[in-house]
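User: I would like to learn how to read a model like this one, feature by feature. Please give the general idea each time, then the case at hand.

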Amino acid sequence: MNIPFLGKRRDSPPVRDPEGLAELLSECELLRSQASQEGVQLDDSAASLEALDQLLPRWRDDAEVLPWLGNDAGLYLGTVIVRTVPGAVWEISPDDEPVVRLASGREFDVVTSGHEWAASGVPELSQRYAEVAEV
């Protein structure tokens, strides 16, 4: 259906700014705040993932914080992967979810991993990073 006053439909996907996307997804304010309160410095390194794995999971008692923290944990995991694994980049999946794509073409749903970590501690963020970095 062509309705002239609505304008032309866009057939191609919008162009995304990879650097802007990486910057936006790396904010993880809630996780950074929680970690800072526990004395853990998140410096976007694999070692910081190990430090997060050692935190006492006090957030599990708060049903409102848990999903937000899980989301941030996944985004932080993705940030560390993108910044330390050669060829890894952020992409937005067809269902508008952020995923990490490696140079090999494999995609990782890091947000789901973050939610699993926040809820149960498994898989550990450092373990998931090690699995991704090996590939």
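Analyst: What follows goes from the overall fold to single residues. Keep in mind that this is a predicted model.

User: How many helices and strands are there, and in what pattern do they follow one another along the sequence?

Analyst: Begin with the inventory of elements, then read their order. The protein chain has 6 helices and 3 strands. Along the sequence they give the pattern α-α-α-α-β-β-β-α-α.

User: Which residues of helix 1 are buried, and which are exposed?

Analyst: The idea is to look down the helix axis and see where the buried positions point. In helix 1 (residues 18–25), the buried residues are Leu21, Ala22 and Leu25. They line one face of the helix, because their directions fall within an arc of 100° when seen down the axis. Glu19 and Leu24 are exposed on the other side of helix 1.

User: What covers the buried residues of helix 1?

Analyst: The cover includes helix 4 (65–84), strand 1 (89–92) and strand 2 (98–101).

User: What can be said about the pairing of strand 1 with strand 2?

Analyst: Strand 1 and strand 2 are antiparallel and share 4 bridges. Val89 has Arg101 of strand 2 as its bridge partner, and Trp90 stands opposite Val100 in strand 2. As a general point, side chains in a regular strand alternate between the two faces of the sheet. The hairpin of these two strands has 5 residues between them, and there Asp96 takes a positive phi near 65°.

User: At what angle do helix 2 and helix 4 cross, and which residues meet?

Analyst: For a helix pair, take the approach of the axes and the crossing angle together. The axes of helix 2 (residues 29–37) and helix 4 come within 7 Å and cross at roughly 95°. The two helices are therefore roughly perpendicular to each other. On the helix 2 side, Glu29, Leu30, Leu31, Arg32 and Gln34 take part, meeting Val65, Trp68, Leu69, Asp72, Ala73 and Tyr76 of helix 4.

User: Is Leu52 buried or exposed, and what is it in contact with?

Analyst: Judge a single residue by its accessibility, then by its contacts beyond the sequence neighbours. Leu52 lies in helix 3 (residues 46–53). Leu52 counts as buried because its relative accessibility is 0%, the cut-off being under 20%. Apart from neighbours within four places in sequence, Leu52 is in contact with Leu31, Ala35, Leu42, Tyr76, Trp117 and Leu125. Its C-alpha atom is separated by 9.8 Å from that of Gln34, which is 18 residues apart from Leu52 along the chain.

User: Where do residues other than glycine have a positive phi?

Analyst: Cys28 is buried, its relative accessible area being 4%. Asp44 has a positive phi near 65° and sits in the loop between helix 2 and helix 3. Asp44 is also buried, at a relative accessible area of 15%. Leaving out neighbours within four places in sequence, its contacts are Arg32, Tyr76, Thr79, Val80, Arg83 and Thr84.

User: Which peptide bond is cis, and where is Pro123 found?

Analyst: Here the angle to read is omega. The peptide bond from Val122 to Pro123 is cis, with omega near -5°. Pro123 is in the loop between helix 5 (110–120) and helix 6 (125–134).

Terms used. Residues are numbered from 1 along each chain as its sequence is written. This is a predicted model: local features need pLDDT of at least 70, side-chain atom pairs count only at pLDDT 80 or more; totals for chains, interfaces and linings use all residues. Side-chain values use heavy atoms; hydrogens and water are left out. Buried means under 20% relative accessible area, exposed over 50%, partly exposed in between (1.4 Å probe, protein chains only). Contact means heavy atoms within 4.5 Å. The arc is that of the directions from the helix axis to the C-beta atoms. Two strands pair if DSSP finds at least two bridges between them. Axes are lines fitted to C-alpha atoms, for helices over the stretch in contact, and angles run from 0 to 180 degrees between N-to-C directions. Angles under 35 degrees count as roughly parallel, over 145 as roughly antiparallel, 65 to 115 as roughly perpendicular and the rest as oblique.
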